[in-house]
Amino acid sequence: MKRRRGVMEEKMSDISFAIEELSKIVKYNKTTTTTNDDDVQSQSHIPSKPFLHGCNLLIQVLDKIGPTMAVLRQDVHQNIQRLEKLIESDPVVYSNMVEILKKEAREGNSRHVTSCTRAFVWLTRSMDFAAALLDKLVKDPGTSMEKAVEEAYEITLKPWHGWISTAAYKVALRLVPESKTFISLLMAKDEDYETLKEEIESLISVLVPILDEIHSILKTFHSDRLRSA
C-alpha cells in the first residue's frame with residue numbers, strides 16, 4: 001500500500017499524508033440517530049482502502065519512536081495484510097469494512113483468532129493508541145515520552161491485553177526516546193514545531209470521530225470486547 005513521493009510531497013510530513021487519506025473516510029460518515037443495530041450496520045460506511053492506508057501512515061509515524069513500537073508495528077502489518085487479502089478477493093463488495101464484519105458474523109467465525117473482524121478491532125485499537133499518544137504530546141509538550149506512551153497504552157490497549165502482551169510492552173517502554181527527539185523526527189523538511197502541532201491537532205480532529213464511529217459499529221456486532229493473549 002506504500003507509494004513513492006514526488007518532489008512536492010517530500011515537503012509533507014507523514015501526518016499530513018495521514019490527514020489527507022483519513023479525510024476520504026469522513027465524507028462517507030453519516031450521522032445516525034437510531035440505536036437499532038441493523039440500522040447502524042446498514043447506514044455505516046468505512047471505506048476499506050483509505051482506512052488501511054491511513055493505518056499504514058500512522059504506524060510510520062509511531063515507527064519514529066524506535067524499537068519500542070516493534071510489537072505494535074508487527075501486529076498492525078499482520079492485521080492489514082489479513083484484511084487486504086480478503087478485500088482483494090472481491091474489491092467491490094469489500095470496499096466497505098462493514099461488509100467484512102457482516103460476512104464473518106453470518107458465517108459465525110468473527111471471534112476466531114485469525115478472523116478479519118479481529119484484525120479490524122485491533123487496528124482500530126492501535127489507532128486509538130496513536131491518537132491518545134499524539135494528543136498527550138501536544139497538550140503537554142513537557143511530559144516525558146515514556147510517560148506519554150505508558151499513559152496512552154493504559155487507556156487504549158492494556159484493557160484488552162493479556163499478561164503476555166502487557167509484559168512485552170513494559171519491556172519496550174525502556175527503549176523510548178526523549179519527547180524532543182520524537183517531535184523533531186515527525187517534522188517535515190523546513191517545518192517548525194507550531195506547524196507540526198497544528199497538523200497533529202488536525203489529525204486528531206479527523207481521526208477520533210472516525211474511531212468513535214468504528215467502535216459504535218463494532219458494538220452492534222458484539223465484537224468490541226475481543227481480547228488478546
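Predicted model: local features only at pLDDT ≥ 70, side-chain atom pairs only at ≥ 80, totals over all residues.

Visitor: At what angle do α1 and α10 pack?

Guide: Helix α1, residues 14–26, packs on helix α10, residues 193–220, at about 30°, and their axes are 9 Å apart. Angles under 35 degrees count as roughly parallel, so α1 is roughly parallel to α10.

Visitor: Left-handed or right-handed crossing for α1 and α10?

Guide: Left-handed.

Visitor: Which residues make that contact?

Guide: From α1, they include I15, I19, L22 and V26. The α10 side includes L196, E199, L203 and I210. By class, the contact of α1 with α10 has 12 nonpolar, 3 polar and 1 charged residues.

Visitor: Next pair. How do α6 and α7 pack?

Guide: Helix α6 (residues 116–139) meets helix α7 (residues 145–156) at an angle of about 140°, with the axes 9 Å apart. The two are therefore oblique to each other, and their crossing is right-handed.

Visitor: And what is in the contact of α6 with α7, by class?

Guide: It divides into 10 nonpolar, 1 polar and 4 charged residues. Among those on α6 are R125, D128, F129 and K136, while α7 contributes residues including M145, E151 and Y153.

Visitor: Changing topic: how many disulfides?

Guide: The count is 0, taking a disulfide as a pair of cysteine sulfur atoms within 2.5 Å.

Visitor: Is C55 buried or exposed, and what is its relative accessible area?

Guide: C55 is buried, at 1%. C116 also counts as buried, with 6% relative accessibility, because the cut-off is under 20%.

Definitions and conventions. Residues numbered from 1 in each chain as written. Heavy atoms only, no water. Axes fitted to C-alpha atoms, helices over the stretch in contact; angles between N-to-C directions. Helix = DSSP H or I, 4+ residues; strand = E, 2+ residues; numbered from the N terminus. Parallel < 35°, antiparallel > 145°, perpendicular 65-115°, else oblique. Left-handed = near helix turned anticlockwise from the far one by under 90°. Contact = heavy atoms within 4.5 Å. Nonpolar A, V, L, I, M, F, W, Y, C, P; charged D, E, K, R; others polar. Buried < 20%, exposed > 50% of the residue type's maximum accessible area, 1.4 Å probe, protein only.
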